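Please find below a colleague's note on the model under review.

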Amino acid sequence: MADTAALNGINGLRHIRRSPASHLAAALEAGSIEGTVVLREGPFRTMVGLRVDPRSEEGARVVAVAGGLPLRCGDVGGADGVRVLWLGPSEFLVVASEDVHDSLGGTLIDSLTAALGGAPGQVVDLSANRTTFELSGTRARAVLEKGCSLDLHPRSFPPGTALSTEVGNIPVVLEKTGKESFRIFPRASFADFLGRWLLDAMREYASPEVP
Amino acid sequence: MLLISCPNCGSRDETEFHYGGQAHVPYPEDPAALDDRQWAEFLFYRDNTKGAFAERWLHSTGCRQWFNLLRDTVTYEIQAVYPMGAARPDRAAAAPESGTASTAPDSTTTGTAAPDISGTSTAPATSAGTTAPEGASK
């Protein structure tokens, strides 16, 4: 986990917040194979569920705050450290670093709410809804392909895209952040299962390849 | 396993979808005027078609949008994918503008991931053995 000592807020209780897969931290480290496939849980993030028609007037106001809404399945919008993942034609997941959360002194949620105003739509703080797994390495794609039916080849799933799908039968948002790195957003209650599932899927790559 | 072409997301596994039953079952205009039998028939009585069947599907782990599908209940061939509220494409075939329902621009689709199979929605054959369109294979 990220160093959280610098972040105070949430009534001074920030330091006792535990991430959904924190109990797996040692197992994730032991199961990772440096250079082949590495799994770790990402730091807390600010996540906002956003529902707005991107072609409407209020959509334009939200775009000004969020830095762009994706218009197609797979696209990722946003700017300045704020990423907006496409979940549906009028549904988005805004992901940003933890410190922009309003309880820690940021203004992201407030300004999104203000941008939407009284128009149809919603802005909901979902920061505790999902956790993040970061999977990277030369075998990262092979691990995901064991439980994901999407075509994960770079020609159809290039870096900078995100799709909502299933990995190991768990509904997740799968974001490709780099050539060989993925970010997986499962809901908190599935973090334990998915973490263990991924560890199991990674295990074969710890052994030498059978010729 | 069916490969279903979601109008928003493209081809995805059947497991990502939820089935919504028969499409084009209108809500009664005046429900209070129905007697018990008519109300029960509205609620529970559905066609049991052999052949082309219009049904609703929800892409529940994807874009969470509903859409309609025309599927052959014998061969599982998916003959058309069209938005909610559009007329059933094969029934509209008599009209000169046949088949346009599946590409209606006023749907919730974003228009970029439209499935290829929409062009086959006017295919007259509904019996088994027709060439399966791309995306309908198991």
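1. Basis. The model is predicted: local features need pLDDT of at least 70 and side-chain atom pairs count only at pLDDT 80 or more, while totals for chains, interfaces and linings use all residues. Residues are numbered from 1 along each chain as its sequence is written, chains are lettered from A and ligands numbered from 1 in the order in which they are written, and side-chain values use heavy atoms, with hydrogens and water left out.

2. Extent of the chain interface. Contact (heavy atoms within 4.5 Å) involves 16 residues of chain A and 14 residues of chain B. The two chains bury about 1200 Å² between them, 45% of it on carbon and sulfur atoms; buried area is the accessible area (1.4 Å probe) that two parts lose on being put together, summed over both. Of the area that chain A buries against chain B, 32% is supplied by Pro89(A), Ser164(A) and Glu166(A), more than by any other three residues.

3. Glu91(A) and Arg64(B) meet in a salt bridge through their side chains, at 2.4 Å from N to O. Six residue pairs, both at pLDDT 80 or more, are in polar contact across the interface of chain A and chain B. A polar contact is a pair of N or O atoms within 3.5 Å; within protein, one must be able to donate a hydrogen and the other to accept it, and residues adjacent in sequence count only if both atoms are side-chain atoms.

4. Composition of the chain A side. β8(A) gives the most, with four residues. Helices (H or I, at least four residues) and strands (E, at least two) are DSSP runs, numbered from the N terminus. By class, this side of chain A has eight nonpolar, four polar and four charged residues.

5. Domains of chain A. Domain 1 (21-43 + 131-206) and domain 2 (44-128) divide chain A, with bounds that come from an automatic or database domain assignment. Their C-alpha centres lie 24 Å apart. In this chain, 14 residues of domain 1 are in contact with eleven residues of domain 2, and the area buried between the domains is about 1000 Å², of which carbon and sulfur atoms give 56%. On the domain 1 side, Pro43(A), Ala162(A) and Phe185(A) lose the most area to domain 2, together 40% of what that side buries.

6. Pairs between the domains. Two salt bridges cross the interface of domain 1 and domain 2 of chain A. Separately, the side chains of Arg83(A) and Glu175(A) meet in a salt bridge at 2.8 Å, N to O.

7. A network of charged residues. Salt bridges link Arg40(A), Arg45(A), Arg83(A), Glu134(A), Glu175(A) and Arg183(A) in a network. Within it, the closest N and O atoms of Glu134(A) and Arg45(A) are 3.1 Å apart. This pair links distant parts of the chain, with Glu134(A) in strand β7 (residues 133-136) and Arg45(A) in strand β2 (residues 45-51), 89 residues apart. Both Glu134(A) and Arg45(A) are buried (buried means under 20% relative accessible area, exposed over 50%, partly exposed in between; 1.4 Å probe, protein chains only).

8. Where does Ser127(A) lie? Ser127(A) is in the loop between β6 (122-125) and β7 of chain A, and counts as buried at 8% relative accessibility. Its side chain reaches the backbone nitrogen of Met47(A) at 3.2 Å and makes a polar contact with the side chain of Asp125(A) at 2.7 Å. The C-alpha atoms of Ser127(A) and Arg45(A) are separated by 6.3 Å, although the two residues are 82 residues apart along the chain.

Terms used:
A salt bridge is a side-chain nitrogen of Lys or Arg within 4 Å of a carboxyl oxygen of Asp or Glu. Ala, Val, Leu, Ile, Met, Phe, Trp, Tyr, Cys and Pro count as nonpolar, Asp, Glu, Lys and Arg as charged, and the others, Gly among them, as polar.
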